[in-house]
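Here is a short report on one protein model. Take a look at the structure, then read on.

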Amino acid sequence: MSSRYPHIFLVILLVSILSGCHTSPTSPAKEAQHQVKEPPVQLVGTGKVGTIIPATSALAIQQKNGQIIYQQNANQQLPIASLTKLVTYVTIRRLIKTKKLSWQHTVKINAALSNFSQNRNYSNVFLKSGDSYTVRQLVNAALIQSADGATIALIQATGLTSIAFVGQMKKSLSIIGIHDAKIYNGIGLNNEDMGIFGDANLPNDAENTMSAKDLGRLVLYLLKTYPDMLETTAQKSAPFADVSGHTQLLSTFNKMLPNMPYAMPKITIDGLK
């Protein structure tokens, strides 16, 4: 996660605050019974339109019915940086649901990806060259620490090329009812920062964009369809072990979780992003 987009985090925080009223996690047996084809997520009403939030764009919604409470420039397409990983996550879950991937599937780390995982300009957890990690481990690293290298490894675990995975991400968004987002990779960096993992056919400044309203639709879909993800995002830290037994500690960037510096009194934040 780069620090170049501070404004966009203010956008999603307003949406995420309402995620505390989530339903009980869905059991694996019930999840397997879900139909992949689902109705698009709808937002209701217009709510209060204002300019009081010190952010480029903002949106507050009710989780239970999609009612808009407040919006500010909520239709403008803006860079979403590592919020992209929510789209990657919903795509991974859809592939697992359709039996095209499993939580236990592993991917072996090559030297190039290991080197990328050591770039401290981005959010990363070290991936050892030659070691293998499970899909579940890599999902944890992507959601808790927003680890860029681990998210690339997660995409590689699907067996799809980066371009093919972007196609699957767009399909996931289409299912939700999101059609205007611009998606170029599953990480959230711009094409230049992706280095050798970028797309040579794209300009250096190509980056993922989405509106606050579409982020709201994505959040509602995640909380309804995969509420168990909050069991991961609510963690302030978690172990991340390689096959040799060496364990690192994943640390969240969400400083609004309980007992963190920006935790809100009388409101329990359970993460998401």
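In which strand does Thr209 lie? This is a predicted model. Thr209 lies in strand S7, residues 209–210. Thr209 has a relative accessible area of 13%, so it counts as buried, the cut-off being under 20%. Beyond its neighbours within four places in sequence, Thr209 is in contact with Gln77, Leu78, Pro79 and Ile80, and also with Ala181 and Lys182.

Next, the sheet. Three strands form an open sheet in the order S1-S3-S2, and the pairing is mixed. Strands S1 and S2 are the edge strands, each pairing on one side only. S1 and S3 run parallel and are joined by 2 bridges. Lys48 stands opposite Tyr70 in S3. Helix H8 packs on this sheet, where it touches S2 and S3. The direction of H8 makes about 35 degrees with that of S2.

| Element | Residues |
|---|---|
| Strand S1 | 48–49 |
| Strand S2 | 58–61 |
| Strand S3 | 68–72 |
| Helix H8 | 212–225 |

Now to helix H6, residues 148–157. H6 is mostly covered, with 9 of its 10 residues buried. Among the buried ones are Asp148, Gly149, Thr151 and Ile155. What do the buried residues of H6 pack against? Their partners are helices H3 (84–97), H4 (111–116), H5 (135–144) and H7 (162–176), along with strand S5 (106–108). Just after H6 comes Gly159, which takes a positive phi of about 80 degrees.

Conventions: Residues are numbered from 1 along each chain as its sequence is written. This is a predicted model: local features need pLDDT of at least 70, side-chain atom pairs count only at pLDDT 80 or more; totals for chains, interfaces and linings use all residues. Side-chain values use heavy atoms; hydrogens and water are left out. Buried means under 20% relative accessible area, exposed over 50%, partly exposed in between (1.4 Å probe, protein chains only). Helices (H or I, at least four residues) and strands (E, at least two) are DSSP runs, numbered from the N terminus. Contact means heavy atoms within 4.5 Å. Two strands pair if DSSP finds at least two bridges between them. Axes are lines fitted to C-alpha atoms, for helices over the stretch in contact, and angles run from 0 to 180 degrees between N-to-C directions.
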